[in-house]
Amino acid sequence: ITGGLIYHGQKVRELEARLFGTTAVATLLLDDHYTVDGREITETYHALFVFTFTDGRWLWAGGQAMKPRSP
């Protein structure tokens, strides 16, 4: 990525995975820490990722992460 994104780290919490044949769906919380355009950001995101088992290995098929709703 060009510009001002520096990724510092990520913590995974509350990971749950469900298997549907050769497809796995994972839901989790991500605690991200990064700097963008000089602003340091620490945020938690809800995420859903989809994996498929192909040729003896798990491949990431897609996913989405978004900020949780405010209480």
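My entries on these topics follow.

I note that the model is predicted, that local features need pLDDT of at least 70, that side-chain atom pairs count only at pLDDT 80 or more, and that totals for chains, interfaces and linings use all residues. Residues are numbered from 1 along each chain as its sequence is written, and side-chain values use heavy atoms, with hydrogens and water left out.

Entry 1, core. I looked up the largest nonpolar core and found five residues: Ala26, Leu28, Leu30, Ala47 and Phe49. Such a core is a set of buried Ala, Val, Leu, Ile, Met, Phe, Trp, Tyr and Cys residues joined through side-chain atoms within 4.5 Å; buried means under 20% relative accessible area, exposed over 50% and partly exposed in between, with a 1.4 Å probe and protein chains only. Both β2 (23-36) and β3 (39-54) supply at least two residues of this core, and β2 gives the most, with three. Strands are DSSP runs of E, at least two residues long, numbered from the N terminus.

Entry 2, aromatic pairs. I searched the whole structure and found two aromatic pairs. In one of them, the rings of Phe49 and Trp60 have centres 6.4 Å apart and planes at 70°, so I list the pair as edge-to-face (centres within 6.5 Å, planes over 60 degrees apart). Phe49 lies in β3 and Trp60 in β4 (residues 57-66), so the pair ties together parts 11 residues apart in sequence. Trp60 is exposed, at 53% relative accessible area.

Notes
Helices (H or I, at least four residues) and strands (E, at least two) are DSSP runs, numbered from the N terminus. Rings of Phe, Tyr and Trp (its six-membered ring) pair if their centres lie within 6.5 Å; planes under 30 degrees apart count as stacked, over 60 as edge-to-face and the rest as tilted.
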